[in-house]
Amino acid sequence: MPPGFHRHANGGGLVADTAQVSPEAYVGPDARVEGHAAVLGRARVEERAMVYGSARVAGRARIGGDAQVYDRAQVWEDAAVSGAAKVF
């Protein structure tokens, strides 16, 4: 595991020590949350998806595939981002 990261209890994905992830959120084993990003509520980051920068994912939003959510992007409620999509 890279320094400055830990595994999220719900899913086992990598989470930077500087990021915020709710206990009820899911970060899959191959997913990452980096920087000052936040994954809140029951949001899910699955497959090889990444959330980083100052991005926020919340509610029941799902990020999957090889999707990236970054900079100051916000993905809320029941939104889904997947495939090779980039939201910034």
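Modeller: Contact here means that heavy atoms lie within 4.5 Å. The model is predicted, so local features need pLDDT of at least 70 and side-chain atom pairs count only at pLDDT 80 or more, whereas totals for chains, interfaces and linings use all residues. Residues are numbered from 1 along each chain as its sequence is written, and side-chain values use heavy atoms, with hydrogens and water left out.

With neighbours within four places in sequence set aside, E46 is in contact with Y26, A31, R62, I63, G64 and G65. E46 sits in the loop between β7 (44-45) and β8 (50-51); strands are DSSP runs of at least two residues (E) and helices of at least four (H or I), numbered from the N terminus. E46 counts as buried because its relative accessibility is 14%. Buried means under 20% relative accessible area, exposed over 50%, and partly exposed in between, with a 1.4 Å probe and protein chains only.

The side chain of E46 has charged partners. With R62 it makes a side-chain polar contact of 2.9 Å, that is, a pair of N or O atoms within 3.5 Å; within protein, one must be able to donate a hydrogen and the other to accept it, and residues adjacent in sequence count only if both atoms are side-chain atoms. With R44, E46 forms a salt bridge of 2.6 Å, N to O. A salt bridge is a side-chain nitrogen of Lys or Arg within 4 Å of a carboxyl oxygen of Asp or Glu. R44 is partly exposed, because its relative accessible area is 29%.

D66 and R48 meet through their side chains in a salt bridge of 2.7 Å, N to O. D66 lies in the loop between β10 (62-63) and β11 (68-69) and R48 in the loop between β7 and β8, so this pair ties together parts that are 18 residues apart in sequence. D66 is partly exposed at 39% relative accessibility, and R48 is partly exposed at 46%. Salt bridges with shared partners join R44, E46 and R62 into one network. The whole structure has five salt bridges; one of them links E34 and R32 at 2.5 Å, N to O. E34 is buried at 18% relative accessibility, whereas R32 is partly exposed at 25%.

Leaving out residues up to four places away in sequence, I63 touches R44, V45, E46, A49, V51, V57, V69, V75 and V81. A nonpolar core is a set of buried Ala, Val, Leu, Ile, Met, Phe, Trp, Tyr and Cys residues joined through side-chain atoms within 4.5 Å. The largest such core has 25 residues, among which V33, V39, V51, V57, I63 and V69 touch the most other members. Strand β2 (residues 14-16) contributes the most to this core, three residues. In soluble globular proteins, nonpolar side chains tend to be buried together.

V39, in strand β6 (residues 38-39), is buried, with a relative accessible area of 0%. Beyond its neighbours within four places in sequence, V39 is in contact with Q20, V21, S22, A25, V33, V45, V51 and V57.
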